[in-house]
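Hi,

Here is the structure I promised to pass on. Have a look at it first, then read on for what turned up.

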Amino acid sequence: VIGVLAQRLVRRNCRHCRVPEVIDPLIAENLALQPGEKFLRGAGCEQCHFTGFSGRMAIYELMVMNDAIRSHVADGVASDEYRQLAITSGMTPLPVNGVEAARSGNVSIAEIYRACM
């Protein structure tokens, strides 16, 4: 095994009808968002058939096998420990990748929460 990839397809915001998104405090806490951050969502227009979405994009996390992770394979390590080892080795977790996509305005925070939590 060279690596393990986890991915989710999320719906893109329609670029014609993006408006500021009101974020639930619980979602902000679960996704570790900074206070005062602004995000966008699609409101719905003729271009997107009043859905607020136009197309999809992938968000992902890639765990590359390295010596630290490989040395724990035979030890019967729990999956949470593999995750921590991978994050320590530089893996960007799925929700973090999703929040970055939301910061660019391509995806709403609600869509990231739906796909990741």
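Does Glu111 count as buried or exposed at 2% relative accessibility? Glu111 counts as buried, where buried means under 20% relative accessible area, exposed over 50%, and partly exposed in between (1.4 Å probe, protein chains only).

Before the rest, a word on the source: this is a predicted model, where local features need pLDDT of at least 70 and side-chain atom pairs count only at pLDDT 80 or more, while totals for chains, interfaces and linings use all residues. Residues are numbered from 1 along each chain as its sequence is written, and side-chain values use heavy atoms, with hydrogens and water left out.

Now the salt bridges (a side-chain nitrogen of Lys or Arg within 4 Å of a carboxyl oxygen of Asp or Glu). There are 6 of them in the structure. In one of them, Glu111 pairs with Arg114 at 2.6 Å, N to O. Both sit in helix α5 (residues 109-116), 3 residues apart, about one turn of the helix. Helices here are DSSP runs (H or I, at least four residues), as are strands (E, at least two), numbered from the N terminus. Arg114 is partly exposed, at 46%. Arg11 joins Glu111 and Arg114 in a network of salt bridges.

Then there's Arg103, partly exposed at 37%. Its closest N and O atoms with Glu37 are 2.5 Å apart in a salt bridge. That pair links distant parts of the chain, 66 residues apart: Arg103 is in helix α4 (residues 94-103), Glu37 in the loop between α1 (25-30) and β3 (40-42). Arg103 also bridges to Glu100, at 2.6 Å.

Cheers
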